[in-house]
Amino acid sequence: MDTHLFLFGGGPPFTNKMAKLFVEKLKDKSVPISILFVDREGWENYMPKYTSALEEYNMNDFHLLPLSTTPIEQVMNCLRISSGIIIGGGDTNAYADYLVETPIAISIKDRFQEGAPVAGFSAGALISPNICVISPKDNPQNEFQYRRKGLGLIEDHLFAVHFSEWNDEDHLRNAVNKIKAASNYGIDEKAGTYFLNGDLDSIEGNGVYSIKNDVLVKLS
């Protein structure tokens, strides 16, 4: 079964091509997409940022699942019947706390391995690999954090988000030096990436980078 992972360097919306591709990868467009996000005041007004681009391709049914105020069993039940899954942006450590190494993570990974596309925005992108690396600019302690586990939707990859906006080349280099992963990517806020079966298949937007042989290479 093919796996489909969409990772973005900033918050929503989807880039246009990635929105179209995400909808194309849904096996059953009559089944809702689940959106997982950390609960915060006013979240209802923010949801169109996630849904609007998909609605342009006639996907209009969504499970909106704020964490941690939605009961875990309810989240899992929604995920089990979801055509696709979106993991939002915000406080990366909070997303890791609420999702990684929880029963919810098992449901996400099961649906992913069954072919349901998964999209991660910013924090959602960072928790997608087996190791979650967090920039000093992404936590109140201003620490380079690299000992957190991720969801394991993609193995042997490192990611940095808000890459140019946060001027985070040094952070990505630090991650590459600490963790010997096969691939690494710095993704800007307006850029999206699509991984088919764990390999980079396509990019949309200007601003995806990778450190190769100690040289920062611009891929788009």
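Let me begin with a word we will need: a residue is called buried when its relative accessible area is under 20%, exposed when that area is over 50%, and partly exposed in between, using a 1.4 Å probe and protein chains only. By that rule Phe6 is buried, because its relative accessible area is 0%.

Before going on, please note that this is a predicted model, in which local features need pLDDT of at least 70 and side-chain atom pairs count only at pLDDT 80 or more, while totals for chains, interfaces and linings use all residues. Residues are numbered from 1 along each chain as its sequence is written, and side-chain values use heavy atoms, with hydrogens and water left out.

Let us turn to the sheet. Helices (H or I, at least four residues) and strands (E, at least two) are DSSP runs numbered from the N terminus, and two strands pair if DSSP finds at least two bridges between them. In which order do the seven strands of the open sheet stand? The order is β3-β2-β4-β5-β1-β10-β11, and the pairing is mixed. At the edges are β3 (62–67) and β11 (199–204), each of which pairs on one side only. Inside the sheet, β4 (residues 84–87) and β5 (residues 118–121) pair in the parallel sense over three bridges, and Ile87 stands opposite Gly120 in β5.

Now to the aromatic rings. A pair of aromatic rings is described by the distance of the centres and the angle of the planes. Rings of Phe, Tyr and Trp (its six-membered ring) pair if their centres lie within 6.5 Å, and planes under 30 degrees apart count as stacked, over 60 as edge-to-face and the rest as tilted. The structure holds 14 aromatic pairs. In one of them, the ring centres of Phe6 and Phe22 are 5.3 Å apart with the planes at 65°, so this pair is edge-to-face. Since Phe6 belongs to strand β1 and Phe22 to helix α1 (residues 16–24), the pair ties together parts that are 16 residues apart in sequence. Phe22, too, is buried, with a relative accessible area of 0%.

Phe159 and Tyr185, by contrast, form a stacked pair, with 6.0 Å from centre to centre and 25° between the planes. Phe159 lies in strand β8 (residues 157–161) and Tyr185 in strand β9 (residues 183–187), 26 residues apart. Is Phe159 buried or exposed? Phe159 counts as buried, because its relative accessibility is 4%, and Tyr185 is buried with a relative accessible area of 9%.
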